[in-house]
Amino acid sequence: MAGLARTTALSLLALFALGLWLTHRSLRAATGRPSPGARLAAIEGDVLARLEAQSKRADEAEKLAEEAIEFSKTLRLERDEALQSLAALDAAPPAPAVSRNVEDWLGGKPPPAAPAPPPRVVQLPKPAAAAATPYMPAKDASPLRVCYEHEGEPGGETCVEPELQYTTKTNVRWIPAIASKPGWRFHHLIENGFARHPAVVPVASDEEADFVLYLPVCTPTPPPVANGPNKLVVLDEGDGAGFYPRVGEHDYLLYLKRSFVTKSDGVYTGTGRRYNRHYYPMAYSVADSYFHAELMGKVARTIDVLCSNRPTSKQPTRSRVVSWIHTYLEAHPDVRGIAGDVNSGGRREINDGYRVAMRKSKIVVTCNPSHWEGDFRTFEALASGALIFVDEMYVPHPRPFVDGEHVVVYDNSDEKAFAGFAYYLAGARTRRRRSPPRGSSTP
């Protein structure tokens, strides 16, 4: 009986303790936990704070973009004013004078600073059975004339023969490249010309050469060249305006530079750091691989607009243009186009996917690098037969592109520059004529 009483007492005590604990917990929860209304207000406050932060970031990004465009336009206005006095103050010699001087010097007339021996007139060797190297190629004696059927004119044949600006038969040595170094595309381009040019006679030594060609990007350390001030011709395709410091100003006969001008986000800022002696701009060209006369006029142009520039943080101008083309295509679903990479092709190849995409395009938009000028894309695009949109170029050349005749020149700081696509896409005759109605971008 006593055991039952003890058990009952312990049970009651346990129930009493449990009741106290539950009561304490309920009271603590009631005093420490916010009400449903308070919790809802906190959630709403957090969401509003996040939205405000997001809106602030968007406003900051939009302001930054507006400031960048305004800065670009300001630089452009300053550039236009500077160009008025550039020709009189210095810059480069007039383009026609450059052409005449180069032809005179390379034709055998002595350069002002270092008289050269009289040129030797030699005959082209008989074509060899095979070329041992690109530097001693089997000369291609086939005509340079190319004939093809013009687009939109069935049955009509168009023949084109290049105008040779240099015609003096000359012994030329080409300093070999280091295969692991960059510059494959430019090397390939020079290889084409070295093998095809009828006035170039390849030789193996400095002694028998009238001129020695040197490509700094392909061969970083220049080898010694006997009588360099009278023989060495530097073909510098390096990025950025400025000479290659391993070549001294008095070590060469002629220095030709691709990136002759400087830019800031696509806006011209000057001619850059350059030598004062025999230092001239060099135009790009295009490799024979991009010309397929048998395909001209026979490949349907199913792509309306193509802009294959690769957007990167180092190239803000190109990135901006690609973005604008993408926006245009989204706003005009009836226009078939590509904005951005065509494929992942590299710099050490002739990429068929890239070449065929341009061949299938009606309009190709290209853009020079953001901080210098001169690229392969412009000339590769021209070889496709499409209508080319390109931003303004400032490197002086004897035969520059003419806006509305050879290409359409656009302002790389103005998105509205592409509003005229509809006009050019209206028909083949319009694209061939290429001149839009003056005073407006659309008809």
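A cavity is a set of points, on a 1 Å grid over the protein atoms alone, where a 1.4 Å probe fits but cannot get out; lining residues have an atom within 4 Å of a point.

This is a predicted model, in which local features need pLDDT of at least 70, side-chain atom pairs count only at pLDDT 80 or more, and totals for chains, interfaces and linings use all residues. Residues are numbered from 1 along each chain as its sequence is written, and side-chain values use heavy atoms, without hydrogens and water.

**Stop one: the second largest cavity.** Select Ser 308, Asn 309, Tyr 354, Met 358, Val 364, Val 365, Thr 366, Arg 377 and Ala 381. They line the second largest cavity. H7, strand E13 (361-365) and H8 each give two or more residues to this lining.

**Stop two: two helices.** Select H7 (residues 352-359) and H8 (residues 376-383). Helices (H or I, at least four residues) and strands (E, at least two) are DSSP runs, numbered from the N terminus. Now look for the contacts (heavy atoms within 4.5 Å). Tyr 354, Met 358 and Arg 359 of H7 meet Arg 377, Glu 380, Ala 381 and Ala 383 of H8.

**Stop three: the largest cavity.** Select Arg 185, His 188, Leu 189, Ala 287, Tyr 290, Glu 349, Ile 350, Phe 376 and Glu 380. These residues line the largest cavity.

Key
Axes are lines fitted to C-alpha atoms, for helices over the stretch in contact, and angles run from 0 to 180 degrees between N-to-C directions. On a 1 Å grid over the protein atoms alone, a cavity is a set of points where a 1.4 Å probe fits but cannot get out, and a pocket is an open set with protein on both sides within 12 Å along at least five of seven lines; lining residues have an atom within 4 Å of a point.
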